[in-house]
Amino acid sequence: MNPTWITPEVSNALVGMQWGFLAYFICINVVYLALNFIAMFAILRYAREHGAAFRVKNFADYQPPVSILVPAHNEERTIVSTVRSLLRLNYPNYEIVVVNDGSTDATLQTVVDAFGLVEFPEAYRSRLKTEPVKRIFASPQGGRVRVVDKENGGKADALNAGINTARYPLFCVVDADCILQQDSLARVVQPFLEDSRMIATGGVIRIVNGCKVKDGLLSKVELPDKVLPLVQTVEYLRAFLFGRLGWSPINALLIISGAFGVFYKERVIAAGGYKSDLVGEDMEMVVRLHNRMREEKRPYKIAFVPDPICWTEVPSDLRSLYNQRVRWQQGLAESLFGNWRLMFRRNGGTVGWVAYPFMLLFECLGPVIEILGYLSVIVLGLLGLLSPQAFFAFLFASIGLGVLLSVNAMMLEEISFHLYPRPRQQLKLFLVAVLENFGYRQLTSLFRVIGLVRWVVKLRRRSRWGHMRRSAEWQEHEPQVPASGRAVPGPAVS
């Protein structure tokens with residue numbers, strides 16, 4: 001029997017709300033499916049035009065010099081492996097600028113000792129305001145590696161200090177726990193050679209948990225053994241292979257990962273550099289570049305490149321995952337609401353009229369709607385107001401289409417890069433693609449709602465480093481590597 005307060009009007013309102021949530025789930029998944037189709041054609045076209053390795057080699061004489069910025073705070077366990085991988089890049093002219101942002105562990109000394117650096121009296125040009133820089137280290141032999149030692153100011157502040165120190169017109173941001181493949185920098189820079197309007201590009205982030213890294217090179221690709229990193233493997237495939245690749249061909253890409261992206265330095269400086277009072281400095285910079293270029297009515301392109309791979313460690317414990325997703329959602333809200341003039345701008349193009357509203361409604365506010373949708377199904381079921389037809393329709397829209405999207409992401413990976421070729425790996429990914437929709441996705445949506453609430457009530461201060469517990473189990477013993485960056489042959493990826 002229904003409670004006495006449920007009048008026919010209340011019952012109709014509850015049922016109407018239920019169908020509204022159903023319509024929301026259908027809309028978001030239809031857009032995702034559309035992005036999936038765009039991504040599929042984009043991958044096939046990219047493979048046809050850029051798949052051959054000789055293209056990158058033929059452009060070697062024309063590749064612009066790049067400053068690789070590695071902001072680091074308490075990264076003594078992974079920073080040397082990251083720098084070693086960067087020293088083995090197949091790229092003619094680049095430098096590595098490690099920015100030690102007031103680390104309280106041995107990050108600074110670890111890098112100085114590993115690469116034989118000494119304090120160097122280099123002039124520091126402060127084009128972007130940062131916390132004070134204390135000293136700069138360089139190699140006596142004139143190698144590629146330099147270290148900027150500064151007072152703690154957060155990742156955005158560290159990036160601004162790196163930009164001030166960078167010598168070259170392009171800069172590449174790489175996190176201190178990341179490993180690049182040898183051709184990753186050449187491939188992610190390629191769009192700058194092909195289109196003079198290019199101001200930023202980003203590559204693919206893959207999960208290094210479970211893999212093996214030796215001598216700065218990825219020696220073995222494996223799936224993670226632990227549940228959380230394994231689920232995130234499928235999540236990352238979905239986010240990059242059709243999420244970002246779907247927006248890129250229509251110049252509507254609003255996110256370039258803070259772990260691996262290349263920017264035209266003068267455009268970033270003209271935009272004011274990274275904002276140190278935000279937690280999502282990477283996305284905010286991309287959205288601000290879109291907004292600024294539209295304001296100035298300048299032709300520009302921001303692109304995602306699907307094959308330059310950056311391997312990074314992801315959270316393997318629930319607490320670190322919670323902190324990461326809360327921080328990401330805060331950063332998303334800051335980025336969108338801080339640049340709200342981009343939405344429906346007269347000359348906003350696809351990014352202002354399609355991508356921005358989609359990100360606002362479905363990515364920023366979407367977790368709230370999603371959680372309320374699940375709660376409404378439970379409440380209506382307990383009240384006896386949920387028909388079997390409505391329940392199965394909701395289940396298909398919220399769970400079934402999610403499974404379809406995850407499996408499609410696996411198919412894109414299989415037809416394009418084929419990094420997990422063994423049947424056991426593919427079966428494992430397929431099972432995870434199905435099971436992640438029953439619990440994990442709802443849990444991360446809850447984390448994102450908490451992040452949105454924290455942004456609304458202004459529970460944020462100056463940009464801080466988002467830390468997680470790092471196992472660094474993927475590292476094998478690595479001998480000393482000279483800071484000159486003259487690479488020695490390493491093991492091939494198996």
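At what angle do the axes of helix α13 (residues 388–416) and helix α14 (residues 423–435) cross, and within what distance do they come?

1. Overall composition. The structure is a predicted model. The protein contains 15 helices and twelve strands. Of its 494 residues, 59% are buried.

2. Contacts along the chain. Among the contacts in the protein with a separation of 6 or more, 81% are between residues 24 or more positions apart.

3. Helices α13 and α14. Two packed helices are described by the angle between their axes and the distance between the axes. The axes of α13 and α14 cross at roughly 155° and come within 8 Å. Because angles over 145 degrees count as roughly antiparallel, α13 and α14 are therefore roughly antiparallel to each other. Their crossing is right-handed. On the α13 side, the contact is made by Val403, Ser406, Val407, Met410 and Glu414. On the α14 side, Gln426, Leu429, Phe430, Ala433 and Val434 take part.

4. Helices α7 and α14. Helix α14 also packs with helix α7 (residues 227–247), at an angle of about 85° and with the axes 9 Å apart. That angle makes α7 roughly perpendicular to α14. Here Leu230, Val231, Thr233 and Val234 in α7 meet Lys428, Leu429, Val432 and Ala433 in α14.

5. Helix α4. This helix covers residues 107–114, and its buried residues include Thr107, Leu108, Val111, Val112 and Ala114. The cover over the buried residues of α4 includes the strands β1 (66–72), β2 (94–101), β4 (133–138) and β5 (145–150), together with helix α3 (79–87). Just after α4, Gly116 has a positive phi of about 60°.

6. Helix α15. Helix α15 (residues 440–456) has 17 residues. From its first C-alpha to its last it reaches 24 Å, close to the 24 Å expected at 1.5 Å a residue. Among its buried residues are Tyr440, Phe447, Val449, Leu452 and Trp455. The buried residues of α15 also include Arg441 and Arg448, as well as Gln442, Thr444, Ser445 and Gly451. Just after α15, Lys458 takes a positive phi of about 65°.

How values were computed: Residues numbered from 1 in each chain as written. Predicted model: local features only at pLDDT ≥ 70, side-chain atom pairs only at ≥ 80, totals over all residues. Heavy atoms only, no water. Helix = DSSP H or I, 4+ residues; strand = E, 2+ residues; numbered from the N terminus. Buried < 20%, exposed > 50% of the residue type's maximum accessible area, 1.4 Å probe, protein only. Contact = heavy atoms within 4.5 Å. Expected span 1.5 Å × (residues − 1). Axes fitted to C-alpha atoms, helices over the stretch in contact; angles between N-to-C directions. Parallel < 35°, antiparallel > 145°, perpendicular 65-115°, else oblique. Left-handed = near helix turned anticlockwise from the far one by under 90°.
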